[in-house]
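Open the model in your viewer and keep the selection panel at hand. The stops below say what to select and what to look for there.

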Amino acid sequence: MAYGIRLRVWGDRACFTRPELKVERVSYDVITPSAARGILEAIHWKPAIRWRIDRLHVLKPIRFESIRRNEVEEKLSASNVAKAMKAGSTRAAKLYVEDIRQQRAATVLRDVDYVIEAHFDLTARATEDDNAGKHLDMFNRRARQGQCFHMPCLGTREFPASFALLEQDAPLPAPADELAGERDLGWMLLDIDHAHGMTPRFFRARMHHGAIDVPPWDSEEVRA
Amino acid sequence: MGAITNRYEFVLLFDVIKGNPNGDPDAGNLPRLDPETNQGLVSDVSLKRKVRNYVELEKGSETGFAIYMAEKAILNAQHAKAYKAENLESVAKKLPKEKEKADALTRWMCANFFDVRCFGAVMTTEVNCGQVRGPVQMGFASSIDPIVPLEASITRMAVTNEKDAEKERTMGRKHLVPYGLYRAHGFISAKLAERTGFSGEDLELLWRSLTNMFEHDRSAARGEMATRKLLVFKHSSALGNAPAHRLFDLIHVRRRNAEAPARQYADYVVDIAHDKLPEGVSLEEKL
């Protein structure tokens, strides 16, 4: 793991939605590797590299809060729209925000703080200019200065993620006492396989004193 | 006008006097509360709704400033407009196969709708225009101090149904916060602005809407709401020159007198650590 990085991310709220509970969103207990990858990509990413999450450290106790909001539910049959288009008028394709309102509750995490340990691989799209050291330097430089491509978020965009680089020689912050011991977090989303028709891949997440080892993408324990 | 080339962060301070800034549907429309701290909350989407309403008001039907998520808007009809403009047949739930055509649709949506350019939009409805991530991102606003929501019972000297005629009057409830000063944080990514074409002119319009949005959102429920301060951090580069959280820490809002409950904006002091501003970041006070 020559090209590893460690990034600390924290925020007031977070929502790493469980795919099975996504209408009224319920967050996983902890950040998913997929969300962690998204945060890294918000800071630095090029098609030449692919981030791999190695380990996640949970530093604060796991607490939840419920928020209910007005959201929109879209749905209009395509045939109606086709009709409207043919007629050149928008009359047949009406959908009013007031009428398509849905009140949805979200069970989100409060006051989270994580350390993401990750490295990257070069992909098939890497050219001769793409040496790993360059990308590593770029990531470290940006993370150190607080630079980012766009503000990273904790699951959804309304929960911005503050971030700071954990330097190579800096000690890992200690997790809260409540996180001592083993905890089985059940099956958790590892990431979405974009190469194979967006298949989600899952792994059995186990937390040991706040640390979760993320299995490699192609290992035995990862199930599609 | 080209897209903006600087990253920004902003701190928005707004207050409410005897009103309900954002009702919680889970709690019978009581003002939103953080259950752990009793601080008041205003959701990000509530603030974005007000920005959209202001822009609609100021720009009317001006080309390029339509609002996609308008109240009484017709979402798929908006998509249909894009298809029509680009002379495409809509294929249910699929982006047009050719990338160029799909890009043309997204470009058209960005060019015509202010809120798509600003906040982005998921346009994966049945008439599909793809997904746009906007440069402007806002978090939840929370009040500086814990708030105490009051419940006021009110009467109406009339009834709705004829069968209740002998009752002569009905009673209702109003929830209000006597006073609350709220703080919201926002982020603007220059790199995402590049993709949606969010321009300097759009940015000025956003600042105007943030300062004026409450002026045009009067209602019985809201009480008196006003933007009190809009502080903008401008980074000299597109990727930024300092971490956002460190910039937000430079602005400290405190009560003048911690003993008495706050009832007006003058009960608060906003301290700005101008001397600690990192290199490459400038602070503009828009209000």
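Start with the second largest pocket of this predicted model, which has a volume of about 840 Å³. A pocket here is an open set of points on a 1 Å grid over the protein atoms alone, with protein on both sides within 12 Å along at least five of seven lines, and lining residues have an atom within 4 Å of a point. Grid points are joined across faces, edges and corners, and the volume is the space filled by probe spheres set on the points. Select Asp12(A), Phe140(B), Ser142(B), Arg183(B) and His185(B): of the 35 lining residues, these are the closest to the centre of the second largest pocket. Then colour the elements that give two or more residues to this lining: strand 1 (5-14) and strand 4 (101-122) of chain A, with strand 4 (39-42), strand 8 (141-146), strand 10 (170-188), helix 7 (244-248) and strand 12 (251-255) of chain B. Helices (H or I, at least four residues) and strands (E, at least two) are DSSP runs, numbered from the N terminus. By class, the lining of the second largest pocket holds 16 nonpolar, nine polar and ten charged residues. Ala, Val, Leu, Ile, Met, Phe, Trp, Tyr, Cys and Pro count as nonpolar, Asp, Glu, Lys and Arg as charged, and the others, Gly among them, as polar.

A note on conventions: residues are numbered from 1 along each chain as its sequence is written, while chains are lettered from A and ligands numbered from 1 in the order in which they are written. Local features need pLDDT of at least 70, side-chain atom pairs count only at pLDDT 80 or more, totals for chains, interfaces and linings use all residues, and side-chain values use heavy atoms, with hydrogens and water left out.

**Cavities**

A cavity is a set of grid points where a 1.4 Å probe fits but cannot get out. The count is two cavities of 30 Å³ or more.

The largest cavity holds about 60 Å³. Select its lining in chain A: Asp29(A), Val58(A), Lys60(A), Pro61(A), Ile62(A), Arg63(A), Leu109(A), Arg110(A), Asp111(A), Val112(A), Asp113(A) and Tyr114(A). Strand 4 of chain A gives the most, with six residues. The lining of the largest cavity divides into six nonpolar, no polar and six charged residues.

The second largest cavity holds about 30 Å³. Its lining takes in Cys148(A) and Met151(A), together with Arg7(B), Tyr8(B), Glu9(B), Phe187(B), Ile188(B) and Ser189(B).

Select helix 5 (residues 190-196) of chain B, where Thr196(B) is found. Is Thr196(B) buried or exposed? Thr196(B) is buried, with a relative accessible area of 5%; buried means under 20%, exposed over 50% and partly exposed in between (1.4 Å probe, protein chains only). Beyond its neighbours within four places in sequence, Thr196(B) touches Cys110(B), Val116(B), Arg117(B), Val132(B), Arg133(B), Gly134(B) and Pro135(B), a contact being heavy atoms within 4.5 Å. Glu194(B) is also in helix 5 of chain B, but at 54% relative accessibility Glu194(B) counts as exposed.

Among the buried residues of helix 6 are Leu203(B), Leu206(B) and Trp207(B). The buried residues of this helix pack against strand 1, helix 1 (44-59), helix 4 (114-119), strand 7 (136-138), strand 10 and strand 11 (224-235) of chain B.

**Positive phi**

Select Lys18(B), in strand 1 of chain B. Its phi is near 45°, a positive value in a residue other than glycine, and Lys18(B) is exposed, with a relative accessible area of 55%. In chain A, go to His209(A), in the loop between strand 7 (199-208) and strand 8 (211-213). His209(A) has a positive phi of about 50° although it is not a glycine, and is partly exposed at 42%.

**Confidence**

Finish by colouring by pLDDT, the predictor's confidence in each residue, from 0 to 100. Chain B has a mean pLDDT of 87, with 85% of its residues at 70 or more. The mean for chain A is 86, and 88% of its residues reach 70 or more. Over residues 75-82 of chain A the pLDDT is below 50, and this stretch has 17 contacts beyond near neighbours in sequence.
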